[in-house]
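Hi everyone, thanks for making the time.

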Amino acid sequence: MSHETWQEQLRRGSLDLAILLTVSSGPRYGLAIIQHLEAFTDLVVAEGTIYPILGRLTREGLLDAQWVEGEAPHPRKYYRLTKLGAKRLDHMTREWRAFAEKINRLIDAAQGHDHAAH
Amino acid sequence: MQLTDTGESRVNGYLFVLERSLKTFLPADVVHDAVREIESHLRERIAAADGAPNEREVLERILAELGPPLRVAQAYSAERTIDEAVTTGRFVPMVRAIWHLAVSTVVGFVAALGLLFGYFIGIASVAVAVIKPFFPENAGIQFVHGVPVGFAAQFPVSPDTDLRGGYAVIPLALAFGLGVLVITQRLARKYLAWWRGHHVS
């Protein structure tokens, strides 16, 4: 697997978690979600591809979507976390932290070993 | 930034291509909702832009950041059609997903040809097993130069055709056909899962 492929898989694998985290603090519409993701991460490669993911998360019952009119010159579709979504986010966050901790330990151990070898 | 008629045409053109692409595999209400959301995104971006250096460049930048309409449509395809096919493994969603990839990518077209061949061989073999009890002389194992090449049925049987095998052909053709169908279906699911893994977002 090339480095780019690995990076791409890592990015895709973490997008769901990133989106759920973004709406966990309150309802946001599509562009606001993208802007939040862009401000904190480089997970968004093409903005238009985030919307199908929002659609899937909505179909899975993790997000609830609602069109709001009158707030701006054009209607906005707001997404908010459902109870199921909050539960899933909690699981995903814990799993992510545990996973990252283990990999970090592995990196530290490998680097410590390298230092010892030198 | 306020759009001129030219700018409006560019935006409408983008949305038109997106809508046409989505219509090939999504229900009308989902297409309407998706296009409305993408249009909302575009209008928001355009309204926030200052118009410098000029409308055309600003618009092209905004559209480039959104992604080409075909790519956006492909992302919807991967998330919806292919996701449903991979998750459920049901025949109809799988055929729909394979068809969509076949008409939108070269790799998808080649893969669909291979899978179609597998499904065809499987269904044809099962058909031979079904036909055999009713037309025992017309269905059997075909031999060419003394070598068995597969199950076949002919109406009428030509003098050059060498069809052999008694009723044992029925369980053999059935087992072979169903086996090929199961393998093809599994390969199709693996292919769709691979495609989803490499092309989503």
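This is a predicted model: local features need pLDDT of at least 70, side-chain atom pairs count only at pLDDT 80 or more; totals for chains, interfaces and linings use all residues.

Let's begin with the helices. Two packed helices are described by the angle between their axes and the distance between those axes. Take helix H1 (residues 5-23) of chain B and H2(B): their axes cross at roughly 155 degrees and come within 10 Å. H1(B) and H2(B) are therefore roughly antiparallel to each other, and their crossing is right-handed. Who meets whom here? On the H1(B) side we find Val11(B), Leu15(B), Leu18(B), Glu19(B), Leu22(B) and Lys23(B). Facing them from H2(B) are Val31(B), Ala34(B), Val35(B), Ile38(B), Glu39(B) and Leu42(B). Sorted by class, that contact has nine nonpolar and three charged residues, with no polar ones.

Now compare H4(B) with helix H5 (residues 91-104) of chain B. Their axes lie 8 Å apart, at an angle of about 145 degrees, and H4(B) passes H5(B) in a left-handed crossing. H4(B) contributes residues including Gln74(B), Ser77(B), Thr81(B) and Ile82(B), while Pro93(B), Met94(B) and His100(B) are among those from H5(B). The classes here are five nonpolar, six polar and two charged residues.

On to the sheet. In which order do its three strands run? In chain B the order is E2-E1-E3, in an open sheet with antiparallel pairing. Strand E2 (147-153) and strand E3 (162-164) of chain B are at the edges with a single partner strand each, so one side of each has no neighbour in the sheet. From one strand to the next, the twist averages 40 degrees. Strand E1 (residues 139-144) of chain B pairs with E2(B) over six bridges, and Phe143(B) has Pro148(B) in E2(B) as its bridge partner. Helix H6 (residues 106-131) of chain B lies across E1 and E2 of chain B, at about 70 degrees to E2(B).

Last stop: the two chains together. How many residues does each chain give to the contact? Chain B gives 21 residues and chain A gives 19 residues. On the chain B side, the elements that give two or more residues are helix H2 (28-48), helix H3 (55-66) and helix H4 (69-88). H2(B) has the largest share, nine residues. That side of chain B divides into eight nonpolar, four polar and nine charged residues.

Conventions. Residues are numbered from 1 along each chain as its sequence is written. Chains are lettered from A and ligands numbered from 1 in the order in which they are written. Two residues are in contact if their C-beta atoms, placed from the backbone, lie within 7 Å. Helices (H or I, at least four residues) and strands (E, at least two) are DSSP runs, numbered from the N terminus. Ala, Val, Leu, Ile, Met, Phe, Trp, Tyr, Cys and Pro count as nonpolar, Asp, Glu, Lys and Arg as charged, and the others, Gly among them, as polar. Axes are lines fitted to C-alpha atoms, for helices over the stretch in contact, and angles run from 0 to 180 degrees between N-to-C directions. A crossing is left-handed if the near helix is turned anticlockwise from the far one by less than a right angle, and right-handed if clockwise. Angles under 35 degrees count as roughly parallel, over 145 as roughly antiparallel, 65 to 115 as roughly perpendicular and the rest as oblique. Two strands pair if DSSP finds at least two bridges between them.
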